[in-house]
Amino acid sequence: MNSTLKSFIEGMPKAELHLHIEGSFEPELMFAIAQRNQVKTKFDSVEAVKEAYQFNNLQDFLDIYYEGARVLLTEQDFFDLTWAYVERIHAQNVIHTEIFFDPQTHTDRGVDFGVVISGISRALAQAEQKYGITSRIIMCFLRHLDESEAEKTLAQALAYKDRIYGVGLDSSELGHPPSKFKNVFAKAIEEGFVTVAHAGEEGPAEYIWEALDLLHISRLDHGNRSKDDPKLMARLAAEKMALTVCPLSNLKLCVVDDLKAHPLRFLMENNLKVTINSDDPAYFGGYMNENYIAITEALELNRTELKQLAQNAFEACFVDEGRKREMLAQLEAYFAENAF
Ligand code: ADE
Ligand code: ZN
């Protein structure tokens with residue numbers, strides 16, 4: 001890629017809408033926190049951790065990701081994890097981020113819900129004070145567990161409603177369709193949460209229909225497999241449903257064999273509101289800029305298409321109209337100055 005296009009991407013104001021905070025856990029920090037907390041892991045060096053990052057599918061990755069999260073115990077651990085992510089995105093001109101966390105990964109190990117949410121939200125408050133980065137927090141239910149477990153998690157979350165904007169659905173997709181969680185999502189909506197869900201990452205287009213019709217999602221995480229179903233694409237386009245696509249994740253988890261075969265352009269050509277995100281950047285080889293750069297190189301995206309992708313994210317984020325307008329104006333100004 002020519003260096004001016006690379007600089008254009010790096011300097012562009014961006015919003016991230018699909019980021020698992022536990023997936024931003026860099027091996028060096030993981031190791032330091034493991035030592036601080038005297039937690040033993042499978043890995044005896046930072047290099048051993050990095051060598052384990054070879055995945056054939058989503059489950060291969062999840063096994064390692066849950067292993068890494070075991071070292072997180074204290075409020076300070078969750079603060080440090082989140083702050084490290086904030087520093088990374090600040091350096092990449094990300095001005096708004098919406099962060100997933102998996103409460104069950106921690107509460108099932110005896111870590112208090114309040115410890116997790118306090119550490120994450122303290123770092124995000126500091127991000128706004130220090131850098132002007134705005135944010136939202138979305139808690140995900142682990143879909144490989146039962147719906148009754150998700151219901152217990154929802155009940156625990158009610159005490160922290162002021163800090164949790166939405167609920168989502170993640171973990172092992174195949175065999176765990178959205179329909180499994182329709183009751184708990186209905187309760188979450190009654191409680192005033194916005195809903196999103198991972199669907200169509202490894203699972204079929206049918207799971208996306210279910211996420212729309214049964215979970216009443218406001219945004220679709222991944223959604224790659226909508227490419228298989230023209231009727232579904234037409235519906236998503238008509239509803240202006242945003243898709244949080246994660247190119248390097250798709251490559252590393254073998255959802256695509258090659259980024260050149262990634263459906264992102266096809267989805268855009270079908271008028272879908274596609275956004276670019278990093279998913280689990282510490283595991284997949286890159287944060288926002290690396291994702292933008294890799295997909296731009298593979299699909300030969302131009303500046304107008306890049307601007308559209310960034311604009312889609314600002315339009316699809318869960319903030320008030322005033323902040324949206326401010327971020328969109330920032331993008332317009334950047335584009336006007338750097339279009340050629
Ligand atoms: N949890 C963290 N990353 C995930 C992904 N890409 N898909 C499903 N669950 C996840
Ligand atoms: Zn994800």
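Biologist: What covers the buried residues of helix 10?

Modeller: This is a predicted model, and in it the cover over the buried residues of helix 10 includes strand 5, strand 6 and helix 11 (230-238). The buried residues themselves, within a helix that runs over residues 205-213, are Ala-205, Tyr-207, Ile-208, Glu-210, Ala-211 and Leu-212.

Biologist: Why is Gly-285 called exposed?

Modeller: The relative accessibility of Gly-285 is 54%, and the word exposed applies over 50%, so Gly-285 counts as exposed. Gly-285 lies in the loop between helix 14 (281-284) and helix 15 (288-299).

Biologist: Which residues does Gly-285 touch, not counting residues up to four places away in sequence?

Modeller: With contact taken as heavy atoms within 4.5 Å, Gly-285 touches Leu-248, Lys-252 and Glu-290. Leu-248 is 37 residues apart from Gly-285 along the chain, while their C-alpha atoms are separated by 7.1 Å.

Biologist: What makes strand 1 and strand 8 the edges of the sheet?

Modeller: The sheet is open, with eight strands in the order 1-2-3-4-5-6-7-8 and parallel pairing. Strand 1 (14-20) and strand 8 (273-276) each have a single partner strand, so one side of each is left without a neighbour in the sheet. Neighbouring strands of this sheet are turned by 25° against each other on average, direction ignored.

Biologist: How do you know that strand 2 and strand 3 pair?

Modeller: Pairing requires at least two bridges, and strand 2 (residues 94-101) and strand 3 (residues 134-142) are joined in the parallel sense over six bridges, so by that criterion the two strands pair. Within this pair, Ile-99 stands opposite Ile-137 in strand 3.

Biologist: Which strands does helix 9 touch where it packs on the sheet?

Modeller: Helix 9 (residues 182-190) touches strand 3, strand 4 (166-170) and strand 5 (194-199), and its direction makes about 160° with that of strand 4. Helix 16 (residues 303-316) also packs on the sheet, where its contacts include strand 1, strand 2 and strand 8, and its direction makes about 100° with that of strand 8.

Biologist: Why is the whole protein called as compact as a globular protein of its length?

Modeller: The protein, whose secondary structure comes to 17 helices and eight strands, has a radius of gyration of 19 Å, which is close to the 20 Å given by the globule rule for 340 residues, so it is as compact as a globular protein of that length. Buried residues make up 60% of the 340 residues.

Note on methods
Residues numbered from 1 in each chain as written. Chains lettered and ligands numbered in written order. Predicted model: local features only at pLDDT ≥ 70, side-chain atom pairs only at ≥ 80, totals over all residues. Heavy atoms only, no water. Helix = DSSP H or I, 4+ residues; strand = E, 2+ residues; numbered from the N terminus. Axes fitted to C-alpha atoms, helices over the stretch in contact; angles between N-to-C directions. Buried < 20%, exposed > 50% of the residue type's maximum accessible area, 1.4 Å probe, protein only. Rg over C-alpha atoms; globule rule 2.2 N^0.38 Å.
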